[in-house]
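Subject: Structure handover

Hello,

Here is the structure I said I would pass on. My notes on one part follow below it.

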Amino acid sequence: MYGVVLVVVLIVIGGLIAFIGDRLGSKVGKKRLTLFGMRPRHTSVFVTIVTGIAITTSTLAVMSISSQNVRTALFGMEKLQTQIQDSQRSLNLAKSALQKAKSEQKDMQQKLKENLQKLKKAESDTRALQEHQKKLLADNATLEQENGKLHQDNLLFQDTNKKLVLQNDRLHTENENLLQRNVDLSSKRIVYQAGELIYSTTLPAVHNRTAAETELKKVIVIANTKVAERLGRYITAHSGIYMYPLEYEDTLQKLANGHSMAIRLVAAANIVQGEPIITSVQLFPNKLIYSTGELIRRDKFVLNGTRQSAQQAMFFFLRDVNISASEKGILPDPLHGSIGVINMEQLYNVIDDITPMKGDIELSAYSRGNTYVLGPLHLLLKVERVMNNGAKR
């Protein structure tokens with residue numbers, strides 16, 4: 001707005017200068033004045049020029065005094081242009097710096113984005129590591145518990161190993177004694193063969209070690225009585241029933257199970273006269289195998305009317321009865337394997353009855369009385385003819 005006013009003022013002043021100069025020149029021309037010896041005409045022109053110069057100079061002086069912008073436009077243009085150029089260079093530098101700053105900002109933003117992604121990944125990895133650390137701590141606690149248990153087991157195994165070493169030494173000594181006994185067998189009388197039954201019985205149900213030991217001691221006392229009868233002399237502390245300590249304790253544990261048990265004492269080796277009766281213990285749950293009158297076995301045979309045929313049929317039948325009873329659960333004699341007991345008179349009577357028979361017959365064996373695992377199995381035999389039509393009589 002200020003520049004417009006200045007232009008208007010200059011236009012007005014220019015008009016006034018022209019008007020004043022024209023009027024002054026006209027007056028000087030009319031009066032035909034001369035100055036510095038010049039002609040009137042030249043004087044008029046000179047006055048007009050001087051007047052114009054004076055008016056213009058006065059105008060510029062007044063405007064310069066009254067306006068800083070005019071002074072700047074008249075006297076400070078070069079400086080202003082220099083400042084403008086400096087400002088333009090500064091502006092260009094600022095723009096360049098701004099562009100560089102924007103580029104750096106973009107790079108920083110990209111790096112910030114990458115760092116944020118790395119930070120997220122690091123946080124995820126940290127959480128995974130924390131979970132893994134928790135798992136490792138839990139596994140470590142479990143391992144410590146297991147290590148403690150293994151340490152206790154190791155102590156127990158060390159104690160057990162010491163006991164086993166002692167037992168091994170004792171067994172080694174006993175083995176040497178047995179070897180020495182075997183050397184002496186040829187010169188001494190054998191009173192029990194290895195595996196021979198010494199005594200057997202059934203024991204009532206007991207529930208603790210004390211009661212089991214009481215019952216076992218009763219069995220040993222009775223067995224010693226049987227041994228004394230066998231030897232024909234009294235039993236001393238060094239010539240009666242002897243059980244290995246481990247087997248003795250194992251027997252007590254098995255007896256104290258709250259069930260009735262069948263017990264058999266058998267010779268652990270060939271026993272010579274004058275030495276302890278080294279005994280092995282056999283335990284079985286006591287149960288009823290055959291009831292009175294229960295069928296044990298029934299087989300068919302073909303006879304030819306001779307006694308040899310009858311005896312052979314009876315031999316095979318009794319053998320099969322022994323096998324059936326053993327499979328059912330009756331304990332055979334440990335030395336001979338026999339189970340059944342038959343009245344010899346009955347046996348001979350049956351053989352006599354079937355000797356004259358020819359053709360098919362059927363032999364049946366029944367239990368004479370209730371029979372438990374220890375036996376013996378008392379037999380009742382029955383013979384029936386088998387007719388051609390399959391009927392029996």
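Serine 200 has arginine 264 in S4 as its bridge partner. Strands here are DSSP runs of E with at least two residues, helices are runs of H or I with at least four, and both are numbered from the N terminus. This is a predicted model, in which local features need pLDDT of at least 70 and side-chain atom pairs count only at pLDDT 80 or more, while totals for chains, interfaces and linings use all residues. Residues are numbered from 1 along each chain as its sequence is written, and side-chain values use heavy atoms, with hydrogens and water left out.

The sheet

Four strands form an open sheet in the order S2-S4-S6-S3, with mixed pairing; two strands pair if DSSP finds at least two bridges between them. S2 and S3 (241-242) are at the edges with a single partner strand each, so one side of each has no neighbour in the sheet. S2 (residues 197-203) runs antiparallel to S4 and is joined to S4 by six bridges. Seven bridges join S4 to S6 (residues 277-285), again antiparallel. Across that pairing, methionine 261 partners proline 285, and isoleucine 263 stands opposite leucine 283.

S4 (residues 261-267) is mostly covered, with seven of its seven residues buried, meaning under 20% relative accessible area with a 1.4 Å probe, protein chains only. Met261, Ile263, Leu265 and Ala267 are buried on one side, and Ala262, Arg264 and Val266 on the other.

The helices

H5 lies across S2, S3, S4 and S6, at about 145 degrees to S2. H6 lies across S2, S3, S4 and S6 too, at about 20 degrees to S6. Axes are lines fitted to C-alpha atoms, for helices over the stretch in contact, and angles run from 0 to 180 degrees between N-to-C directions.

H5 (residues 209-231) and H6 (residues 245-255) pack at about 115 degrees, with their axes 8 Å apart. Residues of H5 in contact (heavy atoms within 4.5 Å) with H6 include Arg209, Leu216 and Ile220. On the H6 side, Tyr248, Glu249, Thr251, Leu252 and Leu255 take part.

Tyr248, Thr251, Leu252 and Leu255 of H6 are buried. Seen down the axis of H6, the buried residues fall within an arc of 100 degrees, so they line one face of the helix; the arc is that of the directions from the helix axis to the C-beta atoms. Their cover includes S2, H5, S4 and S6.

Regards

How values were computed
Buried means under 20% relative accessible area, exposed over 50%, partly exposed in between (1.4 Å probe, protein chains only).
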